[in-house]
Amino acid sequence: MALNRDEVMEKVREHLSSELEVDRDQIAESTRFREDLDADSLDLYELVMELEDTYGIRVSEEDASRIETVGQAVDFVVARIPA
Amino acid sequence: MTVVALDGRGAERGTAALVEGARAAAEEGIELRVFGSPGELAPLAGVAGVELVPAPDRIANNEEPVAAVRSRPDASVVRAARDVAEGHSQALASAGPTGATMTAALFEMRRIAGVRRPALAIQLAVPGRTGTPTILLDVGANSDVRAHDLVQFAYLGSAFAAVVLGVNRPRVALLSVGEEPGKGTAEVVEAHAILSSAEGLDFRGNAEGRDLLSGAADVIVTDGFTGNVTLKTLEGTAKAVGEAVRSAARAGPRAAMGGLLLRPSLSSLRRGMDPDATGGAILLGIRGVAVVGHGSAGPEGIANAIRLAARTARERTVARTAELLERAGGTRGALRDRKDD
């Protein structure tokens, strides 16, 4: 599972860095989407859909609204990746 | 060959109007993949260049677009948008609910790299002026915008006017409440300052509401709230003036005689200002082409929406818009860096 977590973290960093045009080094576990990356709801929807497509998971609107940091997004995905 | 994915459901004036519009476009050589109920679309079966793709689910006008698009992957508009994203077709056209069409296009095709907020653009016919219409954007995709969004809208509109309408160096203006740079909301004032020194644009400063139909600018930029109110005001005014002219022309024998003489010119003017004439609005800033037909589009409106979608795809508008944004420093990262300097 540790490997999966690193992979997911890398995927999230890659997506955010590309879509938000921010330096990868700016993206850490504790990075907050809205406050630190200036991401808005549309940015978060795109991240959620990217993760859904990549890992075959489903993120409800309610779950998505509770995710505030990069680390929380990674935890959410890792906990739901099919074995 | 350009293939247009047509949402075969949701047209307010019914499937018959959609079928007739699709048939007219297909007869001109535009290939279509039409998503909807095979039973309803049966009149299109066997039409050269038309392929029917079963998609029995539909998103209604009263549904919340984001939730509906995310939970209904087999809805006709979602299937059609995905068809473009997967490369089976090159453009989406829909006369269904605007919110669902925009959301499906945005979620399936995604944004052009560096675009923060896509914008909905409409072509406004300028009365008495033949040829190129004025582009107004945003007319409804984003109620709240930042200055950088307005700057990006300027690039999106300029690229569309140049690439699709063939305008050489489009003149761009910001809609505000006065011509002076300091007039308007904080976002408009900041956008004005950025655009004044922006590369790759012919920025002409602020435009006022009275300039919308004067031909003073080729592209007029505003936020989606103001743009939508402006558009509906124009449509309502045009309708009221048209009715007043008709009423005046029936006021007596002499007026009727004058009305008869003016009829050909007035009919031509009315056709030019008919929302069906331009094919509807286009969502700019996404990695694909998506045209949202006018809500009450008839056969000609549907056909024009398909034609606009095909032409926009043929001209490589998305790639050329992305190139302009990158070259001119109009991406969100470049604009942010500039602000930080």
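**Notes on the predicted model**

1. Arg169(B) is placed in the loop between H5 and E7 of chain B. The model is a predicted one, and the backbone at this position deserves attention: the phi of Arg169(B) is near 50°, a positive value in a residue other than glycine. Most residues other than glycine have a negative phi. Arg169(B) counts as exposed because it has 12 C-beta neighbours inside 10 Å, and the cut-off for exposed is 12 or fewer.

2. A positive phi in a non-glycine residue is also found in chain A, at Asp38(A), where the value is near 60°. Asp38(A) belongs to the loop that lies between helix H2 (33-37) and helix H3 (41-55) of chain A. With 14 C-beta neighbours inside 10 Å, Asp38(A) is classed as partly exposed.

3. The peptide bond between Leu137(B) and Asp138(B) is cis, with omega about 10°. Most peptide bonds are trans. Asp138(B) sits in the loop between strand E6 (134-137) and helix H5 (147-163) of chain B.

4. Strand E7 (residues 171-175) of chain B is mostly covered, with 5 of its 5 residues buried. Which residues lie on each face of E7(B)? Arg171(B), Ala173(B) and Leu175(B) are on one side, while Val172(B) and Leu174(B) are on the other; both faces are covered.

5. E7(B) has parallel partners. Strand E8 (residues 202-207) of chain B is joined to E7(B) by 4 bridges, and strand E9 (residues 219-221) of chain B is joined to E7(B) by 3 bridges. Leu174(B) takes part in both pairings: Leu174(B) stands opposite Asn206(B) in E8(B), and its bridge partner in E9(B) is Val221(B). Together with helix H6 (residues 186-196) of chain B, E7(B) and E8(B) form a right-handed β-α-β unit.

6. E1(B) is mostly covered, and 5 of its 5 residues are buried.

7. E1(B) pairs with E2(B) in the parallel sense over 5 bridges. Within this pairing, the bridge partner of Asp7(B) in E2(B) is Phe35(B). The chain passes from E1(B) through H1(B) to E2(B) in a right-handed β-α-β crossover. E1(B) also pairs with strand E4 (residues 91-94) of chain B, again in the parallel sense, over 3 bridges; here Val4(B) stands opposite Ala91(B).

8. An α-helix has 3.6 residues a turn, so residues three or four places apart point the same way.

9. Chain B is assigned domain 1 (1-110 + 285-315) and domain 2 (116-281). The C-alpha centres of domain 1 and domain 2 of chain B are 25 Å apart. Their contact takes 20 residues from domain 1 of chain B and 15 residues from domain 2 of chain B. On the domain 1 side that touches domain 2, helix H4 (98-109), strand E11 (289-292) and H9 of chain B each supply at least two residues. H9(B) gives the most to that side, with 8 residues. The residues of this side of domain 1 of chain B divide into 8 nonpolar, 8 polar and 4 charged.

10. The contact between the chains takes 5 residues from chain A and 8 residues from chain B. On the side of chain A that touches chain B, the residues comprise 1 nonpolar, 1 polar and 3 charged.

Technical notes:
Residues numbered from 1 in each chain as written. Chains lettered and ligands numbered in written order. Predicted model: local features only at pLDDT ≥ 70, side-chain atom pairs only at ≥ 80, totals over all residues. Buried ≥ 20, exposed ≤ 12 C-beta atoms within 10 Å, placed from the backbone. Pairing = 2+ DSSP bridges. Right-handed = clockwise from strand over helix to strand, strands pointing away. Domains from an automatic or database assignment. Contact = placed C-beta atoms within 7 Å. Nonpolar A, V, L, I, M, F, W, Y, C, P; charged D, E, K, R; others polar.
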